[in-house]
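Subject: Structure handover

Hi there,

Here is the structure I promised to pass on to you. Please open it in your viewer while you read, and you can follow along.

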Number of protein chains: 2
Amino acid sequence: MSKAIPSRSEDYSLWYNELVKKAGLAENSPVRGCMVIKPYGFAIWEKMQQTLDKMFKETGHSNAYFPLFIPKSFFSKEASHVEGFAKECAVVTHYRLKNDEVNGGVMVDPDAKLEEELIVRPTSETVIWDSYKNWIQSYRDLPLLINQWANVVRWEMRTRLFLRTAEFLWQEGHTAHATRQEAEEETVQMLNVYAEFAENFMALPVTKGIKTENERFAGAVETYCIEAMMQDGKALQAGTSHFLGQNFAKAFDVKFANKEGKEEYVWGTSWGVSTRLMGALIMAHSDDEGLVLPPNLAPIQVVIVPIYRKDEELEKISEVAEKFTKELRARNISVQYDKRDTHKPGWKFAEYELKGVPVRIAIGPKDLEKGTVEIARRDTKEKQFVAQGETVEHIVTLLDDIQKNIYQKAASFKEANTHQADSYEEFKEVIEKKGGFVYAHWDGTSETEEKIKEETKATIRCIPLNSNQEEGTCIYSGKPSKGRVLFAKAY
Amino acid sequence: MSKAIPSRSEDYSLWYNELVKKAGLAENSPVRGCMVIKPYGFAIWEKMQQTLDKMFKETGHSNAYFPLFIPKSFFSKEASHVEGFAKECAVVTHYRLKNDEVNGGVMVDPDAKLEEELIVRPTSETVIWDSYKNWIQSYRDLPLLINQWANVVRWEMRTRLFLRTAEFLWQEGHTAHATRQEAEEETVQMLNVYAEFAENFMALPVTKGIKTENERFAGAVETYCIEAMMQDGKALQAGTSHFLGQNFAKAFDVKFANKEGKEEYVWGTSWGVSTRLMGALIMAHSDDEGLVLPPNLAPIQVVIVPIYRKDEELEKISEVAEKFTKELRARNISVQYDKRDTHKPGWKFAEYELKGVPVRIAIGPKDLEKGTVEIARRDTKEKQFVAQGETVEHIVTLLDDIQKNIYQKAASFKEANTHQADSYEEFKEVIEKKGGFVYAHWDGTSETEEKIKEETKATIRCIPLNSNQEEGTCIYSGKPSKGRVLFAKAY
Ligand SMILES: [Zn+2]
Ligand SMILES: [Zn+2]
């Protein structure tokens, strides 16, 4: 079973694909580019959702739900939004099927053509700001702090499970504010929520920054992002938060009367993370034996496997196992006791390794004699014997250790694979030979950014927040630069 | 504010529509037939979701996610499924827009036509059973107990907020079993989960039964349902659970090797409830002042309103209010302390009445002197003064009382509006003059069922489970009948 997936060094890309399928996370569906999220994968996504949802509510947001379909004409209202977005998307043109008298089966009824085509939402700014026009009259209606959990569709030619799929699940926050400052603060606040979630739950160190104009969200004034490093050194954008200025307010005529009774356009933000985070979680931590899940997002945190030959042994082991199950659950730890007789312990060990269960307890007849259990941690694969009386406390501490260790490992890897380059030659060498994140000076122009991308496939992931102000010269053009930006090849 | 909605006796239908909008539950969107679920409405739906999700998991089900789109050809695979379903639905024919050089804006790119049209799922049996074919090989893979929370689309000509919308939110359970008996038991188990949810959380008494062949789900062998009575005496189907037999297994060739190694088709069920439950909740309990929410589903269970003239008064009231807020929250009661100075207490009273908040606490300077608070319950509108020291305990009990009282009121109404009819004359008179549920004998034929529907607009809601075996003669045809069935006009 542990041999079922190729190693990372062999073929990182195949390793990822096979791991996603073999661990029961997701698979391709018969619909091109759409995935099926399988129960185990969905259980991880549910944990992400619950955690983020709580964080959104603690920062004052409420959930709502807006239509799946957006009238085609809405996309023309915000000029730069249509340029950046509305092209590759699913278009509904008809609303009825009928029996196909000639070929059998069903056919699209040509009489049921829509007057205006509907677009399956690729993102919901347009339809939401169209509602906000009716919801906002006065400063008393602001701020309006709304989030939506939804499916969205962006037609993609090359798809990969979780990382890039035609349909994906996400949340999209859409807020409206009375002042520019408040909207900017909201944008940064949500970026920080994402960073906190990535670091504390996904065990994923991230770099916060601002996108260049080229990479900015269509319709935004400024796009903030968090960038994470995968084990192959490539960057993965793990969340974006957009300051929309008054762009959508102007496009959809959303004004409010301020305290003085004067009409002003409102200020907006939007921010989102998607099932892409599943891809990041898998690629950042897992190894050649399978998934490595941080305990804070693991659907099963502890699995107990009995090792026995005779039924009487199983009975006695089960007594101990069920006692632990109960005690651990009382500590809010999710436990599975797997006493299926259809599979052998070795098979189970490999299976739970593949599935990334952080802690495995094995109990055999000898453990009963000695009053011990064998505890194995998934991240380091270390095993140790622990007295039964100390097991619960040991596991509480161990889960915490594992969470921290997975983060530390990722942080060390990121640090070791982050470089500076002071010339274009050096830059190209680092990108080609070492990979990872490269901090280098850039002249601030889209032309240079595109040339570098063409020649090296590395893109500017972000202009890091809180980076040192450091005067320098652009590695490509030699023109002056005010600080280094973050380059990397990216997913 | 309380005058903002028409009374039920004036215009029940308008009362409902206005209530849904004025209470901030939902509104129509610019897309025909699609609704926007507003934050307060969505908060109620979230409580429903959380409760049901917990009940599904307790009965062994896991969540997963399947594609939004279904290839057109899939609908032809199960013959009766296509007859009943695949007609009124949204059809995706293209995957790209392009700039419209002539008229400006965007247009559908004629070069981006799909080879096979995709249907936006009206329900997911077909695409899910297509996956199950790969997931199920042996008896060890069974039972497969999966649920999906999703949006679905059924093109509807006449729509009403929550009750009938083109897009709606729902859950759909899809299970696969080794034996007919196990699948039948699952079907009944999930019907009972729905009935329990309706009665204990929605405070909605329901009648369980089996649908006639006419009303059966397309592709099912048997459809079980729960039927509730609204305040206008009409029935509303509040959940369905389908025993699918081997129909979808045969259509999608889903077989398993049994313990003897012999291949057999698996047995299936599917079951669902939708945002339609929101309509049922609203229509069953609310009154001319607004919503009446059972505490078990109220997003805000208790609101505290300060009554004051001077700032020093507010300060002292706030001390008491914040103490209650803290103590009530520690008891898992959701509390909102509304000390906004932008609205007067009278406005707030009407607002929270409209929104159906079960308990309102008002605290004024006199209460501070006397050590009391005024507690008003939404369901009966009774008010009473309670000593501050007893307030928390009082409210814990009161919320429980309100939940029970709302159920009892609905149950009494249902009983008072349930009748028997022994002749067609009597039947027509009851249906026309009294409305409500009518139990009558029926000969078991679709012809009779349709004639009665044509002539009276009443349909057979279900053949009730656990009804008395009672020989009789059909009210319409005079032919023999083995028991009464439930007739009503329905939503
Ligand atoms: Zn270096
Ligand atoms: Zn009667």
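Below is what I found, taken topic by topic.

Please keep in mind throughout that this is a predicted model.

**The eleven-stranded sheet of chain A**

In chain A, eleven strands make up an open sheet with mixed pairing, and their order is β3-β9-β10-β16-β13-β12-β11-β24-β27-β23-β22. The edge positions belong to β3 (62–63) and β22 (418–420) of chain A; each has a single partner strand, so one side of each is left without a neighbour in the sheet. For β3(A), the link is to strand β9 (residues 144–153) of chain A: the two run parallel and are joined by two bridges. Within that pairing, Asn63(A) sits opposite Asn147(A) in β9(A). A helix also packs on this sheet, namely α4 (residues 125–135) of chain A, which touches β9, β10 (167–177), β13 (235–245) and β16 (267–274) of chain A. The direction of α4(A) makes about 30° with that of β10(A).

Strand β20 (residues 372–377) of chain B runs antiparallel to β21(B), and five bridges join them. One of the residue pairs there is Glu374(B) with its bridge partner Phe385(B) in β21(B).

**Where chains A and B meet**

How many residues of each chain are in contact with the other? The count is 68 residues of chain A and 68 residues of chain B. Between them, the two chains bury an area of about 5,300 Å², and carbon and sulfur atoms give 67% of that. Tyr65(A), Tyr95(A) and Leu97(A) together supply 12% of the area that chain A buries against chain B, more than any other three residues.

On the polar side, 32 residue pairs are in polar contact between chain A and chain B, counting pairs with both residues at pLDDT 80 or more. The side of chain A that touches chain B is made up of 40 nonpolar, twelve polar and 16 charged residues. There are four salt bridges between the two chains. Arg96(A) forms a salt bridge with Glu88(B), and the closest N and O atoms are 3.3 Å apart.

Strand pairing crosses between the chains as well: strand β5 (residues 91–94) of chain A and strand β5 (residues 91–94) of chain B pair in the antiparallel sense over three bridges. In this pairing Val92(A) stands opposite Val92(B).

**Salt bridges overall**

Over all chains, the structure holds 58 salt bridges. An example within chain A is the one where the side chains of Lys38(A) and Glu27(A) meet, at 3.7 Å from N to O. Lys38(A) is in the loop between β2 (35–37) and α2 (39–58) of chain A, while Glu27(A) is in strand β1 (residues 26–28) of chain A, eleven residues apart.

**Backbone points to check**

Most residues other than glycine have a negative phi, and most peptide bonds are trans. Against that background, here are the places to look:

- The peptide bond from Leu142(A) to Pro143(A) is cis, with omega near -5°; Pro143(A) lies in the loop between α4 and β9 of chain A.
- In chain B, the bond from Leu142(B) to Pro143(B) is cis with omega near -5°, and Pro143(B) is found in the loop between α4 (125–135) and β9 (144–153) of chain B.
- Phe162(A) is not a glycine, yet has a positive phi of about 70°; this residue is in the loop between β9 and β10 of chain A.

Happy to go through any of this with you.

Best wishes

Conventions: Residues numbered from 1 in each chain as written. Chains lettered and ligands numbered in written order. Heavy atoms only, no water. Pairing = 2+ DSSP bridges. Helix = DSSP H or I, 4+ residues; strand = E, 2+ residues; numbered from the N terminus. Contact = heavy atoms within 4.5 Å. Axes fitted to C-alpha atoms, helices over the stretch in contact; angles between N-to-C directions. Buried area = accessible area lost by both parts, 1.4 Å probe. Polar contact = N/O pair within 3.5 Å; in protein donor to acceptor, adjacent residues only side chain to side chain. Nonpolar A, V, L, I, M, F, W, Y, C, P; charged D, E, K, R; others polar.
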